[in-house]
Amino acid sequence: MFAMILLTGATGYIGSHTWVELLNAGHEVIGIDNLCNSSEKLLARVESITNIKPNFIRGDIRNIDVLRKIFQSHNIDCVVHFAALKAVGESVEKPLEYYDNNINGLLQLLRTCNEFSCENFVFSSSATVYHTENNPPYFENMALGPVNPYGWTKMMSEQILRNFEVASLSTRVAYLRYFNPVGAHASGLIGENPLGAPNNLMPYIAQVAVGRRELLSIYGGDWPTVDGTGVRDYIHVVDLAKGHMAAIDYLTQQKKSLTVNLGTGVGTSVLQLVHAFEIASKKKIPYEIVSRRVGDIAVSYANTDLAKKLMGWSAHMGVDQMCQDVWRWQSNNPSGY
Ligand SMILES: NC(=O)c1ccc[n+]([C@@H]2O[C@H](COP(=O)([O-])OP(=O)(O)OC[C@H]3O[C@@H](n4cnc5c(N)ncnc54)[C@H](O)[C@@H]3O)[C@@H](O)[C@H]2O)c1
């Protein structure tokens, strides 16, 4: 077990679920977040789930003085790095903000790790790094080739980390390529809480079901898939959080880097997800099919054998469970935190 883990983007969607799992497993954690896409109200929820008061610093990871202060006062030997901007469409409109936040933030973190000899790093990468001409399922050794600035920040971050590993021989990195995280904690106390209009399908469906939005727009009904709508690999956020625990165990025990997909290996279409949500919520989800978005693809899902082989981890929860948990979270918290 590490002495102390620094969690960046700790109050965000995946960060908060991982924080809960880490605290429940007895890890010492300090969280940092600038709250650009999350709320400090989350902290009380984490405390009521875990009975532990979370150790939190409000700050921006691009500010190296803030990072240095944290490393000076805590014996941090592992960073789990979630903090990033993540909306694909917005990244096309504001590429400089995405490169500044996601790349510059990573550089300041690595500089600080270097200064304080912190040698273990868990990185939130994404399925968006894969070249869209690969035929799914995606294997970790397939060609990379992002199609938007957000995806490029993830691929460039992987490259920066790989170069850093060579220069600093004792550094070990877990490159975790997430597919489509959805779901919420079973308590209904924490879940995805987008500020503004949701960029992802599941929170949009949930907000339509709870009456915050009128209609779901489905981009494309003529894809070569089971029902014409896009197919993705949805993974329960708690399974994903447990994937981080497995990666931390791997770094501790094997003292080696690894690159793995975190998905279920199962593809689900938009309409299949909508129907599963209708069953879970007992609500009708009105939708319209609109034209495809530029850059979208028909099908994306993971091959998950490597994560199983190397870390002994696989996802357990299916789409029905994901929908039930999202509905519990959304109906208990119709306006978020
Ligand atoms: N949710 C997904 O669909 C998905 C898929 C693949 C990869 N990822 C990656 O996983 C990570 C977490 O995603 P999430 O869904 O929890 O997003 P999120 O927006 O809920 O969480 C990210 C958190 O980082 C914080 N943050 C952003 N920039 C910061 C900065 N400069 N300094 C300090 N805090 C900062 C935000 O306030 C937010 O709380 C991101 O790196 C994202 O790119 C997410």
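**Cysteines and the ligand shell**

In this predicted model, the sulfur of Cys78 has its closest cysteine sulfur in Cys118, at 6.5 Å, which is too far for a bond. A disulfide requires two cysteine sulfur atoms within 2.5 Å. Across the whole structure, a search finds 0 disulfides. Cys78 counts as buried because its relative accessibility is 0%. Cys323 is likewise buried, and its relative accessible area is 0%.

The ligand is the next point of interest. It is surrounded by 29 residues, and the closest are Asp33, Asn37, Ser38, Phe82 and Tyr150. By class, this shell consists of 12 nonpolar, 12 polar and 5 charged residues.

Phe82 places a backbone N or O atom 2.8 Å from a ligand oxygen atom. In the case of Lys86, an N or O atom of the side chain is 2.8 Å from an oxygen atom of the ligand. Tyr150 contributes a polar side-chain atom that lies 2.6 Å from a ligand oxygen atom. Of the 820 Å² of accessible area that the ligand has on its own, the protein covers 96%.

Which elements give two or more residues to the shell around the ligand? They are helix H1 (13-24), strand E5 (120-126) and helix H6 (149-167). The largest share of the shell comes from E5, with 3 residues.

Methods: Residues are numbered from 1 along each chain as its sequence is written. This is a predicted model: local features need pLDDT of at least 70, side-chain atom pairs count only at pLDDT 80 or more; totals for chains, interfaces and linings use all residues. Side-chain values use heavy atoms; hydrogens and water are left out. A residue is near a molecule or strand if one of its heavy atoms lies within 4 Å of it. A polar contact is a pair of N or O atoms within 3.5 Å; within protein, one must be able to donate a hydrogen and the other to accept it, and residues adjacent in sequence count only if both atoms are side-chain atoms. Accessible areas come from the Shrake-Rupley method with a 1.4 Å probe; for residues, only the protein chains shown count as cover. Helices (H or I, at least four residues) and strands (E, at least two) are DSSP runs, numbered from the N terminus. Ala, Val, Leu, Ile, Met, Phe, Trp, Tyr, Cys and Pro count as nonpolar, Asp, Glu, Lys and Arg as charged, and the others, Gly among them, as polar. Buried means under 20% relative accessible area, exposed over 50%, partly exposed in between (1.4 Å probe, protein chains only).
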